[in-house]
Amino acid sequence: MAGDAQRSQQRPIIHAVKGTRDILPDEVAAWHRIEAAAREVFARYGYREIRTPIFEQTELFARGIGAETDIVSKEMYTFADRDGSSLTLRPEATAGIVRAVIEHNLWNADPALRVFAMGPMFRRERPQKGRYRQFHQVNVEVFGVSHPAVDAEVIEMALAYLRACGLGEDYDLLLNSVGDAQCRPAYVETLRAALRPQASRMCADCQRRIETNPLRVLDCKVPEDQPIIDALPKIADHLCADCRAHFDAVKQTLELLGIGYRLSHRLVRGLDYYTRTTFEIGSGRLGAQNAVLGGGRYDGLVKDLGGPDLTGIGFALGMERLLMLLPEPAVPSRCDVFLAALVPAAMDKALKLQSELRSRGARVLIDYEGKGLKAQMRRADKLGARFVVMLGEAEMQSRAWKVRDMSASAQEDVDEGRVVEHLVSRLDRRG
Ligand code: HAM
């Protein structure tokens, strides 16, 4: 029949969308490890988890992150909902968290609110090593604490987290202050005035940014523009007294805590909400996309998004990038007990034993294919089984089953009635 002929034809494969990737079962243990480390380390610093939606109203990001940033102007996945409203897949977590904090008055109950979040973010960037269109962040935010010690504490926690994940001391901490509403407008004008005479020699993006948002020029990576950018006035020389005092105190606290850093006057970061402290942690081992983590203070954002005048500071870490830096963990065992039913008549007993052992918490698998002993042992080995229980003709007769301890390469006969207790106690003892 025509339908059958059609069905038997090879159908084309549907691939994952460019810039997205599957996290396969063998990789998941590494993800669990860095997620567990986040929960454990952040709890020590008083943080609780928050989960906000993956899509939000487009205006939240346009207003929060800044219309002139690359993220908002060219990287957002924005779509019209059926009622005509404009929605966007979150390109970062901070704006959504701020919205939730305002919407639920979270600062009322907790004036020094500390929250963290983990999950996927979406940016339509050009995919390359360490840069994806769907990627995952661990995100941390503190609201309502303007004391500079908290800036240092947030950085200390970022480093404690990297250490807990096994990164060691293989990182570079960059630090800057981008000023605030008092001093930044004058610096931006100084920058614009210094840039205008150079504009014709700079890249098209910089030419536009000189007019729209000159701070973004400091982010430019075009090689020909670098000598011009290096000679520009530095924001550190244009901070107001309050911002300077805050920055000095952050640096002193970092020194007090024994945390080394490098000042980087070009660290303005890719989002417009920052005020005062900005920081990034990178690793030379990552290549071009070398930032593992970035963050800073955003004292005006809550108010800009319609909330109270509440200060904020936080960071986000790219989970794919962190995992690129960590040694791959061994694939963990999936099985405590492998049941090898070696004759068809043994299958019913094996099924009952499997069910009982699983209800006692053991991880158990049976080979349903009825393969020979050798093939089943190979399979048990591949699964990392700690014990293999063999049920063959002789065991059926004697009602004593062969239990093989795979690590000790030893086996013993265990009475059918005792086999569950025997295995459960052996598994408990070995943790
Ligand atoms: P961000 O610098 O845009 O900051 O992103 C933080 C981290 O996310 C980067 O350092 C990088 O590791 C990772 N990341 C960003 N884009 C990609 C991508 N396309 N592929 C893979 N990884 C990526 C923020 O998102 C701010 N919300 C951080 C923050 C929180 N500031 C204050 N609070």
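Modeller: I start with the ligand and its contacts, then turn to ring pairs, and end with a few single residues.

This is a predicted model, in which local features need pLDDT of at least 70, side-chain atom pairs count only at pLDDT 80 or more, and totals for chains, interfaces and linings use all residues. Numbering starts from 1 along each chain as its sequence is written, and side-chain values use heavy atoms, with hydrogens and water left out.

Next, the elements. Helices (H or I, at least four residues) and strands (E, at least two) are DSSP runs, numbered from the N terminus.

Tyr274 places a polar side-chain atom 2.6 Å from a ligand nitrogen. Ala291 and Val292 use backbone atoms instead. The Ala291 atom, a backbone N or O, lies 2.9 Å from a ligand oxygen. A polar backbone atom of Val292 is 3.0 Å from an oxygen atom of the ligand. Taken alone, the ligand exposes 660 Å², and the protein buries 96% of that. Such areas come from the Shrake-Rupley method with a 1.4 Å probe; for residues, only the protein chains shown count as cover.

The charged end of Arg21 sits over the Tyr132 ring, 5.6 Å from the ring centre. The rule asks for NZ of Lys or CZ of Arg within 6 Å of the ring centre and within 35 degrees of the ring normal.

Rings also pair with each other. A pair of aromatic rings is described by the distance of the centres and the angle of the planes. Rings of Phe, Tyr and Trp (its six-membered ring) pair if their centres lie within 6.5 Å; planes under 30 degrees apart are stacked, over 60 edge-to-face, and the rest tilted. This rule gives 8 aromatic pairs.

Take Tyr273 and Tyr298. Their ring centres are 5.6 Å apart and their planes stand at 65°, so the pair is edge-to-face. Tyr273 is in the loop between β8 (262-263) and β9 (275-282), and Tyr298 is in the loop between β10 (291-297) and α12 (301-304), so the pair ties together parts 25 residues apart in sequence. Both tyrosines, Tyr273 and Tyr298, are buried (buried is under 20% relative accessible area, exposed over 50%, partly exposed in between; 1.4 Å probe, protein chains only).

Phe279 and Phe315 make another pair. With centres 6.5 Å apart and planes at 70°, the pair is also edge-to-face. Phe279 sits in strand β9 and Phe315 in strand β11 (residues 312-318), so 36 residues separate these linked parts of the chain. Both Phe279 and Phe315 are buried. Elsewhere, Phe42, Tyr47, Phe116 and Tyr161 form one aromatic cluster.

Some single residues complete the tour. Thr88 lies in strand β4 (residues 86-89) and is buried at 0% relative accessible area. The side chain of Thr88 meets that of Thr58 in a polar contact of 2.8 Å. Thr253, in helix α11 (residues 241-256), is buried too, at 17%. The Thr253 side chain reaches the backbone oxygen of Ala249 at 2.7 Å.

His422 is in helix α17 (residues 419-429) and buried at 12%. From His422 to Glu141 it is 50 Å, C-alpha to C-alpha, and 281 residues in sequence.

Last, the backbone. Most residues other than glycine have a negative phi. Arg399, not a glycine, has a positive phi of about 55°. Arg399 lies in the loop between α16 and β15 (400-405) and is partly exposed at 47%. Ser409 also has a positive phi, near 50°, and lies in the loop between β15 and β16 (410-415).

How values were computed:
Polar contact = N/O pair within 3.5 Å; in protein donor to acceptor, adjacent residues only side chain to side chain.
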